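My entries follow in the order in which I made them.

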Amino acid sequence: MSGVLYSLVALGFVLIFKASGVFNFAQGAMVLLAALALVRSLDLLVVWGFSLWTAIILGIGFAAVVMAITARLIEWFVIGPLVNQDALTLFMSTIGVTFVLEGAAQMIFGSDVYPLRLFPTDVWLLFESHFPGGILVNKLDVWGAFIAGILVAGLAIFFQRTKTGRALRAVADDHLAAQSVGIPISWIWFVVWLVAGLVALVAATVWGTKLGVQFSITFLALKALPVLIIGGLTSVPGAIVGGLIVGAGEKIAEVFLGAHIGGGIEYWFAYVLALAVLLVRPQGLFGERIIERI
Amino acid sequence: MLYREAGQFKTTYAADMAIFPIRQDRIALGILLTIAFVGVPVLANFRIWPFASEYLLWAILLPFLILALAAIGANILVGYCGQISLGSGAFMAIGAYSAYKLGTGVHIPLAWLGFAISIPPLPVLASILLGGLMAAVVGILFGIPSLRIKGLYLAVATLAAQFFFDWVFLRVPWFTNYAPSGSVNAPALEFFGLTVRTPIERYLLCLIFVTVFAVLAKNLVRGNLGRQWMAIRDMDIAAELIGIRPLYAKLTAFAVSSFIIGVAGALWAFVYLGSWEPLAFSIERSLQLLFMVIIGGLGSIMGSFVGAAFILILPIMLNLLPTQLGVPLSTETITHLEFIIFGSLICYLLIKEPHGFARLISIGKEKLRLWPFPY
C-alpha cells in the first residue's frame, strides 16, 4: 500500500504547517535529499569496509546531520527573514527552497538511480487458510506502517506534552504574538524543520527501499498534497487517514474505473478526490474550521 | 536630467489618467515598439548582427513573446487577484488542444441521441481565439472552488487541473485526432489569405498578439474590474464588505487569466512548436510561469515581460558563460545550477523585493526623477 508512504510524506507537511504556519512545498525535495544522502553514504561506508549494520547506523546518522544542517540553513536564510509575512509569501519561498534543494542534492550526491536495501521486501501471504490465494502483503509495507505508527505516537507526545511542542503551536498561531511572549522563534523554526527533515528521512528510507532513490521521489510530495487536503492541513491523524484513503482509492479506481476510460487514472485520481472533498468540506476531514474576521 | 516631468502639464482628466502620463515613458515605449515592429524584422531580413542566424529569433524572441503573454495571464490571476495557481500549464494545454481541434474540424458522434455535432475546420485566427475561450470556460470551472477555499488549498485545486488535463490529452485519443504517437501537428498558419512561415513572420504574428493583449490587460487592470481584483487580493473580507462581489471578481479573474493563457498556449503550440505532445504543458511549465510572475513582479504587466525574459535568458547565459570563461561544465551540472540559482533567486526576491524586478525598475525611475538630488 503506497498509502502509508503518502501518509509519511504528508506528515512532514502537516508538522511544518501546524508548527509554523508554513505550507512546505519543499517536503518532497527534502525526502530526495535525505534519501540521496543516506544511499550515497551507505555505499561509501560499505566500500570503506564497515559492516552492514554499522554502515546503516552511520549512514542514517550522516543523513540526519545533513537534514539538520539543511534545516538550520533554511531557517537562517529563508524563513527567518520572512517572519511575520503572510502564508502565501512563505509558500512561494518554499517553492524556491524546493528548487535549491533539488539542484543541490543532485549536484552533491549525483543524479542516477540508486538502490537502497534496508528492509526486507519479500512478500508475505496472510490468511491463506481463509481465502483462496490469501492476501498478499509486502513485508516492506508492514514495516512502513509500523514505522509510521511509532512516528505518529512520538510526534503526538512531542506536540502535546513538551514545552517545545506547546511553543510550536503558539508560533503557528501567530508569529508576532509568540515572539512577544518570549518564544525564541528562530530556534522553534529550526526544530520544526529538523523534525520535518527527520520525517522526510524516514519516508526516504521506506520509499527508497521500495522504488530506489531517484529524482522521481520528489513527485511523491505532489501526491502528498491531496492527502493533506483530504485529511485537513492541521491534523496528524488526518494525514494518516488521508494517505490511506488516497492510497487505497487510487488503486481501486485504477482497477475498476481505469479499465473503462483508459489507464493511468492513478495519476490524477487523488487530486480530483481532493477537489471533491474541498467542495463539500473546505477544511478537510479532520481540519480545523477557519474563522475569519477583520 | 532626461527623465523629468517638470513642465508637462495635464489639463484634462483624460491626460491625468493616461497609461503613461510622463512624456519620456511614451517616447521610450514608442522607440521600443518601433524597434520591435520595424527594427527587428529589418535587421533579420538583411541578416545583420545579432540576427546573422535565425537563432535569436527562433530560440529567444519567439518563446519570449509567447511566454510573456502567458505570464501576463498568470499575473492577472496570481498577481492581481491573489489566487495562487499551479495549473497555468494545463490552461495553456487546453488552449492549444482546443485550437488544434477547432482548426482541424470537430466531430462529436452522439450515437445515443441519433446525430453528430460536426464543425468544419475553422480559420487559424478563429481557432486560436476560440481555444482561448475554451480555456476560459474551463478556468471558470476550476475557479469555482476558489469561492470556498483560498490560498494554499486553492493551489492544490489548480494542481488537480494540471494533472487531470495532462492525463486527458495523453490518454484520450479524440483530442489528438487518434494520432498513434500522441503528438500532433499544427495546421498551416493562414491569416486572411496570408500564410505565416518564416521566423520573421512568426515573430511579427506573436508580437501583434502580445501587443494587443498587453494593452488590453493593462487597461483592464487599471479599470473597475482590476480594482475589484486587487481589493480581493489585498483583503477579501474587507472587499466583500465594501460591496465587491467575490464570486464575480474571482471568476472574472479566472476567466480573463485563462483566456490569455489559453491563447498563449495555442500560439506556443501553433507558432513556436509546430508539433507537440502533452509534455510541452507539464507541471514544469506551470511552475515556470509562476516564477516569471514572482521574479518579474506580482501585479505588474511590465513585470511579466521582465520575468519571462529573465527565465529564458538565464539558462542560456549559464550555458554560454562557463565555456566563454574557459570552465566548461557538464550539462548535468548546468541543469542543477539552474535549479539552485532559480530557487535562491526566488527566495532572495521574496525577502528583499516582494514586487520583483518591476519594482526595482520603478524605484530606478523615482531616483531618475529626482536626479541628481538624493531626496
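I began with helix 4 (residues 88–104) of chain B and helix 11 of chain B, which pack at about 115 degrees with their axes 6 Å apart. Helices here are DSSP runs of H or I with at least four residues, strands are runs of E with at least two, and both are numbered from the N terminus. Axes are lines fitted to C-alpha atoms, for helices over the stretch in contact, and angles run from 0 to 180 degrees between N-to-C directions. Helix 4 of chain B and helix 11 of chain B are therefore roughly perpendicular to each other (under 35 degrees counts as roughly parallel, over 145 as roughly antiparallel, 65 to 115 as roughly perpendicular, the rest as oblique).

I listed the contact (heavy atoms within 4.5 Å): B:Ser88, B:Gly89, B:Ala90 and B:Met92 of helix 4 of chain B meet B:Arg285, B:Ser286 and B:Leu289 of helix 11 of chain B. I sorted these residues into 3 nonpolar, 3 polar and 1 charged. Ala, Val, Leu, Ile, Met, Phe, Trp, Tyr, Cys and Pro count as nonpolar, Asp, Glu, Lys and Arg as charged, and the others, Gly among them, as polar.

This is a predicted model, in which local features need pLDDT of at least 70 and side-chain atom pairs count only at pLDDT 80 or more, while totals for chains, interfaces and linings use all residues. Residues are numbered from 1 along each chain as its sequence is written, chains are lettered from A and ligands numbered from 1 in the order written, and side-chain values use heavy atoms, without hydrogens and water.

Next I took helix 8 of chain B. Helix 7 (residues 199–222) of chain B packs on helix 8 of chain B at about 65 degrees, with the axes 4 Å apart, and the two are therefore roughly perpendicular. On the helix 7 side I noted B:Leu220, B:Val221 and B:Arg222 of chain B; among their partners in helix 8 of chain B are B:Trp229 and B:Met230.

Helix 3 (residues 55–80) of chain B and helix 8 (residues 224–234) of chain B have axes that come within 8 Å and cross at roughly 45 degrees. That makes helix 3 of chain B oblique to helix 8 of chain B. B:Ile76, B:Gly79 and B:Tyr80 of helix 3 of chain B touch B:Trp229, B:Met230 and B:Arg233 of helix 8 of chain B. I counted 4 nonpolar, 1 polar and 1 charged residues there.

Last, I checked confidence (pLDDT, the predictor's confidence in each residue, from 0 to 100). Chain B has a mean pLDDT of 84, with 98% of its residues at 70 or more. Chain A averages 76, and 84% of its residues score at least 70. In chain A, strand 1 (residues 123–126) is lowest at a mean of 56, and helix 3 (residues 52–79) is highest at 83. I also noted ipTM 0.76 and pTM 0.85 for the model.
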